[in-house]
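Here's a quick briefing to read with the model open beside you. Take a look at the structure first, then work through the points below.

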Amino acid sequence: MDRKTHWENVYSTLKPHEVGWYQAYPEMPLHLIASTGVDKSAAIIDVGGGASNLVDALQENGYSDVTVLDLSAAALEVTKARLGQASDRVKWLAADITSFTPQQQYNVWHDRAVFHFLTEAEDRLRYMEAARAALPPGGHLIMATFALDGPPQCSGLDVVRYTPERLQQEVGDGFTLAESFGGLHITPSQGKQSYTFCRFIRN
Ligand SMILES: C[S@@+](CC[C@H](N)C(=O)[O-])C[C@H]1O[C@@H](n2cnc3c(N)ncnc32)[C@H](O)[C@@H]1O
């Protein structure tokens, strides 16, 4: 099954709170975005945002220029329906990040649990090409991946697990690590998943 079909199936068959990565409140993503110190008018893209509540929380916190990109059109429809009229203030992109050509630049690129699905080096290189094109110097690249003691799979797919050092190698020396820490995500079925959180700044 190709990856688009996989993710369309996930979001067509499971409710947002039934997936392992569900967060009622995206505390860590908000913390990392606040750490950037960007203005509330900054352009923020949530890459592989899926049906995450992050866009809702960003709007509630006054961020006015938010884009949500996901491979799954079904995921975007779920999020749009939840937001109702507020969805008109969000830019929606149904796209595969490994073949994405940004049409604008962003101050913040946020990715929670997306990059770690890229098990092919070629896909990771293409992802980083898009990130470099999207982020101007001083732009922030936020990534949350499974840590070394995190699960080897998510949603039935293999993942690559990272330390901050390994992520730095992937993003390359065009980015400087500004902060990193580990954290636990508790899944809806009370499982514990160990994450690595990193914020890089584009040189
Ligand atoms: C584990 S979910 C995380 C969703 C969201 N970031 C969150 O924290 O709730 C992974 C998401 O990445 C999306 N995705 C997977 N591969 C992708 C790709 N190549 N391009 C864009 N989105 C992708 C999936 O559709 C899914 O919504």
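Is A113 buried or exposed? With a relative accessibility of 11%, A113 counts as buried, where buried means under 20% relative accessible area, exposed over 50% and partly exposed in between (1.4 Å probe, protein chains only). Keep in mind that this is a predicted model, so local features need pLDDT of at least 70 and side-chain atom pairs count only at pLDDT 80 or more, while totals for chains, interfaces and linings use all residues. Residues are numbered from 1 along each chain as its sequence is written, and side-chain values use heavy atoms, with hydrogens and water left out.

**Around the ligand**

- The ligand is surrounded by 18 residues (near means a heavy atom within 4 Å), and the closest are Y11, G48, D70, D96 and R112.
- By type, the shell splits into 10 nonpolar, 4 polar and 4 charged residues; Ala, Val, Leu, Ile, Met, Phe, Trp, Tyr, Cys and Pro count as nonpolar, Asp, Glu, Lys and Arg as charged, and the others, Gly among them, as polar.

- At G48, a backbone N or O atom sits 2.8 Å from a nitrogen atom of the ligand.
- D96 uses its side chain: an N or O atom there is 2.9 Å from a ligand nitrogen.
- I97 brings in a polar backbone atom, 2.9 Å from a nitrogen atom of the ligand.
- On its own the ligand has 600 Å² of accessible area, and the protein covers 98% of that (Shrake-Rupley method, 1.4 Å probe).

**Which elements line up around the ligand**

- Helix 1 (3–13) and strand 2 (65–70) are the elements that give two or more residues to the shell; helices (H or I, at least four residues) and strands (E, at least two) are DSSP runs numbered from the N terminus.
- Helix 1 has the largest share of that shell, with 3 residues.

- Most residues other than glycine have a negative phi.
- A113 isn't a glycine, yet its phi is positive, at about 65°.
- You'll find A113 in the loop between strand 4 (108–112) and helix 5 (121–134).
- S155 also isn't a glycine and has a positive phi, near 55°.
- S155 lies in the loop between strand 6 (153–154) and strand 7 (157–158), and at 24% relative accessibility it counts as partly exposed.

- L157, in strand 7, is partly exposed at a relative accessible area of 25%.
- L157 and R3 are 154 residues apart in sequence, but their C-alpha atoms are 9.4 Å apart in space.

Note on methods
A polar contact is a pair of N or O atoms within 3.5 Å; within protein, one must be able to donate a hydrogen and the other to accept it, and residues adjacent in sequence count only if both atoms are side-chain atoms.
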